[in-house]
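Please open the structure in a viewer and keep the sequence panel beside it. The tour goes from one selection to the next and says what is found at each stop.

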Amino acid sequence: LNGIEKQQSVEIRLSSGFLFWEIDYAGIDFSDDIAPSVQKLRLVTALDERSRNVTPLLQTEDSKYLEQPQIGNVATLTFKASSPGKAGERQAFFLKTKGYYEHVRTFSTPPDPSFLKQFTQPNAFPRFGVKLYRQVSDETTRWLAAAR
């Protein structure tokens, strides 16, 4: 933390919707500055939710994009590290992404005011997120069971 003395306080706010980024750890390193060793990892495979190989769409920065038009579309990425790191050393990995979202604005039905009104209640959005998460999780479980 350039310019911040160890005895000064630091205030941080971390906020997320239900499993929004699946945050499982946050930390600050107040140790002496040590130059990090950075290595770019090579993408080995990228498989979509139907186990189709979508690796060529993600390997290079070009005009080719992985399109995921449906809710529940996923891509599972596998990378190869060139070295496992030294004993006692900790490693951190950061995923840099690039692309864009194209919002679907062709609605087939008019808005449902009674459905939308629920979001004026406290915690309605997280509860809705939990409900959608469970639906997607159940669908994924059924899909995996059928694929076996």
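The model is a predicted one.

**The whole chain**

Show the chain as a cartoon. Three helices and two strands make up its elements, and from the N terminus on their order is β-α-β-α-α. Now switch to a surface view. The chain exposes about 14400 Å², and carbon and sulfur atoms supply 54% of that area. Of the 148 residues, 5% count as buried. Among contacts with a separation of 6 or more, 55% are between residues 24 or more positions apart.

**Serine 51**

Go back to serine 51 and look at its backbone. Its phi is near 65 degrees, which is a positive value in a residue other than glycine. Is serine 51 buried or exposed? Serine 51 is exposed, because its relative accessible area is 52% and exposed means over 50%.

Next, select aspartate 48, which is in strand β1. Aspartate 48 has a relative accessible area of 10%, so it counts as buried; the limit for buried is under 20%. The side chains of arginine 52 and aspartate 48 meet in a salt bridge, at 2.6 Å from N to O. How many salt bridges does a search of the whole structure find? The search finds one. Arginine 52 is partly exposed, at 44% relative accessibility.

Keep aspartate 48 selected and show what surrounds it. Leaving aside neighbours within four places in sequence, aspartate 48 is in contact with Val54, Val74 and Ala75.

**Asparagine 73**

Move to asparagine 73. Where is this residue placed? Asparagine 73 is in the loop between α1 (55–58) and β2 (75–80). Two polar contacts of its side chain can be displayed here. One goes to the side chain of glutamate 49, at 2.8 Å. The other reaches the backbone nitrogen of glutamine 70, at 2.6 Å. If residues up to four places away in sequence are not counted, asparagine 73 touches Glu49 and Gln68.

Isoleucine 12 is in the segment before β1 (42–48). Its relative accessibility is 58%, so isoleucine 12 counts as exposed.

**Serine 114**

Go on to serine 114, in helix α2 (residues 113–117). The side chains of serine 114 and aspartate 112 are joined by a polar contact of 2.8 Å. With a relative accessible area of 57%, serine 114 is exposed.

**The aromatic rings**

Show the rings of Phe115, Phe119, Phe125 and Phe128, which form one aromatic cluster. A pair of aromatic rings is described by the distance of the centres and the angle of the planes. How many aromatic pairs does a search of the whole structure find? The search finds four. One of them is the pair of phenylalanine 115 and phenylalanine 119, which is edge-to-face, with 5.6 Å centre to centre and 80 degrees between the planes. Phenylalanine 119 also pairs with phenylalanine 125; this pair is tilted, at 6.4 Å centre to centre and 55 degrees between the planes.

Now colour these rings by accessibility. Phenylalanine 115 is partly exposed, with a relative accessible area of 35%. Phenylalanine 119 is partly exposed too, at 29%. Phenylalanine 125 is exposed, at 61%.

**Asparagine 123**

For the last stop, select asparagine 123, in the loop between α2 and α3 (124–147). What is the phi of asparagine 123 near? It is near 60 degrees, a positive value in a residue other than glycine. Asparagine 123 counts as exposed because its relative accessibility is 56%.

Note on methods: Residues are numbered from 1 along each chain as its sequence is written. This is a predicted model: local features need pLDDT of at least 70, side-chain atom pairs count only at pLDDT 80 or more; totals for chains, interfaces and linings use all residues. Side-chain values use heavy atoms; hydrogens and water are left out. Helices (H or I, at least four residues) and strands (E, at least two) are DSSP runs, numbered from the N terminus. Buried means under 20% relative accessible area, exposed over 50%, partly exposed in between (1.4 Å probe, protein chains only). Rings of Phe, Tyr and Trp (its six-membered ring) pair if their centres lie within 6.5 Å; planes under 30 degrees apart count as stacked, over 60 as edge-to-face and the rest as tilted. A salt bridge is a side-chain nitrogen of Lys or Arg within 4 Å of a carboxyl oxygen of Asp or Glu. A polar contact is a pair of N or O atoms within 3.5 Å; within protein, one must be able to donate a hydrogen and the other to accept it, and residues adjacent in sequence count only if both atoms are side-chain atoms. Contact means heavy atoms within 4.5 Å. Accessible areas come from the Shrake-Rupley method with a 1.4 Å probe; for residues, only the protein chains shown count as cover.
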